[in-house]
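Subject: Structure handover

Hello,

Here is the structure we talked about. My notes follow below it.

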Amino acid sequence: EMKSIPIAVITKDNFLSFGHLIDKKNAATKYLINQETTERHHNISELSLNNEGGTPTISIFSGTPRAMPIEIRIMEKHPIGSQSFLPMQNIDWLTVVCHENNGIPDLNNLKCFLINGNMGITYNQNVWHHPLLVKNKQDFWIIDRTKTNEPSSINLVEYHFLKKEIQYLSF
């Protein structure tokens, strides 16, 4: 029997235990700048990027859709720093997340969120999530932590599902 993951529309509240929804309406404050020609939506998402001598970096990830139904068979987390995804095109996309149980992802409680293409997200440090899931070919600005001469595996932990743990996602 295929175990299917339901999809919920993401909101600030239902994603809060995993990270932040990057959306203008979630700004702590907003005010005019640049001779009152620009509205600044201030402090939308908190980042944790300087831990253990790391520095913030910006990359571009180019996502490609996966075959349907999508096999959810890996989760990852970044124990040293947070990670932000900001779509470059206004195309809806998805994330699968879960909490931790005894040091591994709680696979009995995977949550899938549909994210509006004009919003981004920040995963909190140490949050289990599936690698990038897109509905169409799509590019993202990624803000995360890096450190010169440090292997990328320092800030990446992967959990590969056993065959009986694989779950599926269709949209």
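The sulfur of Cys 98 lies 12 Å from the closest cysteine sulfur, that of Cys 112, which is too far for a bond. A disulfide here is a pair of cysteine sulfur atoms within 2.5 Å. The count is zero disulfides. Cys 98 is buried at 2% relative accessibility. Cys 112 is also buried, at 2%. (Buried is under 20% relative accessible area, exposed over 50%, partly exposed in between, with a 1.4 Å probe and protein chains only.)

This is a predicted model: local features need pLDDT of at least 70 and side-chain atom pairs pLDDT 80 or more, while totals for chains, interfaces and linings use all residues. Residues are numbered from 1 along each chain as its sequence is written, and side-chain values use heavy atoms, without hydrogens and water.

Next, the sheet. Five strands form an open antiparallel sheet, in the order β2-β13-β8-β16-β5. β2 (19–22) and β5 (55–63) are the edges; each has a single partner strand, so one side of each lacks a neighbour in the sheet. The twist averages 20 degrees from one strand to the next. (Axes are lines fitted to C-alpha atoms, and angles run from 0 to 180 degrees between N-to-C directions.) Nine bridges join β5 to β16 (residues 138–146), running antiparallel. Ile 58 stands opposite Ile 143 in β16. Strands are DSSP runs of E, at least two residues, numbered from the N terminus; two of them pair if DSSP finds at least two bridges between them.

Regards

Conventions: Helices (H or I, at least four residues) and strands (E, at least two) are DSSP runs, numbered from the N terminus.
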